[in-house]
Amino acid sequence: MAKSVVRLMLEEKVDLVIGSHDSAVRQAVEATVKGKVPYIYTPVYEGGDCTANLYCLGETPPQQIKPSIEFMMKEKGAKSFYLIGNDYVWARNSNEAAKSYIAAGGGTIAGEEYVPLGAPNRFEEIVTRIKGAKPDVVLITVIGADNVNFNRAFASFGLDKDITRLAFLLEENTLQGIGAESSGNLYSCMAYFANVGSEANQKFKAAMKAKFGDKVPQLSTLGADAYAGVHCAKALVDKAGSTEAAAVAAASQGLTFATAGGTATMTGRHVDKDMYLAMCKGAEFEVVKTFEKVASGQSCPV
């Protein structure tokens with residue numbers, strides 16, 4: 001990925017980069033771009049990155065993890081948590097934040113494990129250890145196929161009957177892979193779900209349907225964030241009048257742009273946003289709690 005960005009910068013003379021990929025790739029791209037062009041990073045991320053000329057649109061731990069853990073502790077009486085993640089920056093840093101929120105609420109960590117990113121991981125041994133630890137909640141920061149395989153293994157042990165799962169990168173496509181038979185007592189907290197009933201989202205879905213008809217893809221947070229990234233890029237360049245770093249940075253403060261969920265405002269190169277805690281109902285999400293206008297908790301200089 002980083003090599004592709006170098007080629008685009010040197011040969012194609014690109015003026016701006018929009019990225020939807022994991023945090024490990026983001027760090028490699030940052031090292032390549034070195035602030036020479038604006039870099040808009042769209043998905044959920046671990047926070048804390050104020051690299052020059054970087055603009056982050058995704059959910060941060062204060063927006064996503066803090067309110068959902070507090071909900072689990074206050075509304076469901078959860079006290080003990082087991083953390084399972086992929087072994088890379090997003091999962092590890094997100095779980096460090098999660099542990100601080102759990103400690104603040106008087107909770108405990110029953111276990112913490114990481115599996116290699118991109119490997120053909122199996123989860124039977126980990127699920128056996130979770131079964132023995134008997135936590136109230138399992139926090140899930142594995143992604144993609146690992147998210148599917150872990151949750152299938154978890155449910156195959158029958159643990160979904162008694163242990164709540166809370167995932168931080170679980171969207172519609174991954175839930176389809178997990179399947180209705182493995183989604184009991186499983187929650188996700190994101191800034192976008194396709195069935196959010198807001199007026200803005202209904203208009204967005206209607207526009208997608210009108211444009212693509214029966215070929216419209218399954219909407220999810222990843223696609224919605226990429227859509228926001230394009231609109232953010234246009235708004236940045238239009239307001240700055242160029243792609244020059246200082247001008248773009250200055251233009252970012254208070255910038256407004258369109259997203260699937262409505263108009264977003266950028267502050268400190270991050271975005272405050274509404275968050276949704278959703279429970280899986282078969283192979284669909286049902287929003288059970290809305291956290292309005294949650295601050296990113298990040299304040300990067302401009």
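This is a predicted model: local features need pLDDT of at least 70, side-chain atom pairs count only at pLDDT 80 or more; totals for chains, interfaces and linings use all residues.
View 1. Within α10, which spans residues 245-252, the buried residues are Val248, Ala249, Ala251 and Ser252. They lie on the same side of α10 because the arc that they cover around the axis is only 165 degrees. An α-helix has 3.6 residues a turn, so residues three or four places apart point the same way. Ala246 and Ala250, by contrast, are exposed and belong to the other side of α10.

**View 2. The two ends of helix α10.** At the N-terminal end, α10 is capped by glutamate 244, which places a side-chain oxygen 3.2 Å from the backbone nitrogen of alanine 246. After α10 comes glycine 254, with a positive phi near 80 degrees.

**View 3. The largest pocket and its lining.** The largest pocket holds about 460 Å³ of space, and its lining is made up of 24 residues. Nearest the centre of this pocket lie Thr259, Gly261, Ala264, Lys273 and Asp274. At least two lining residues come from each of α9 (221-240), β9 (256-259), β10 (262-267) and β12 (273-281), and β10 gives the largest share, with five residues. Sorted by class, the lining of the largest pocket contains eleven nonpolar, eight polar and five charged residues.

**View 4. The second largest pocket.** The volume of the second largest pocket is about 200 Å³. This pocket is lined by 15 residues, and those closest to its centre are His21, Pro43, Ile143, Leu169 and Leu222. The lining of the second largest pocket divides by class into eight nonpolar, five polar and two charged residues.

View 5. Asparagine 201 belongs to helix α8, which runs over residues 199-212. Its relative accessibility is 1%, and asparagine 201 therefore counts as buried, the cut-off for that class being under 20%. When residues up to four places away in sequence are left aside, asparagine 201 touches Tyr192, Phe193, Ala194, Asn195, Val196 and Ala260.

Methods:
Residues are numbered from 1 along each chain as its sequence is written. Side-chain values use heavy atoms; hydrogens and water are left out. On a 1 Å grid over the protein atoms alone, a cavity is a set of points where a 1.4 Å probe fits but cannot get out, and a pocket is an open set with protein on both sides within 12 Å along at least five of seven lines; lining residues have an atom within 4 Å of a point. Grid points are joined across faces, edges and corners, and a volume is the space filled by probe spheres set on the points. Helices (H or I, at least four residues) and strands (E, at least two) are DSSP runs, numbered from the N terminus. Ala, Val, Leu, Ile, Met, Phe, Trp, Tyr, Cys and Pro count as nonpolar, Asp, Glu, Lys and Arg as charged, and the others, Gly among them, as polar. Buried means under 20% relative accessible area, exposed over 50%, partly exposed in between (1.4 Å probe, protein chains only). The arc is that of the directions from the helix axis to the C-beta atoms. A polar contact is a pair of N or O atoms within 3.5 Å; within protein, one must be able to donate a hydrogen and the other to accept it, and residues adjacent in sequence count only if both atoms are side-chain atoms. Contact means heavy atoms within 4.5 Å.
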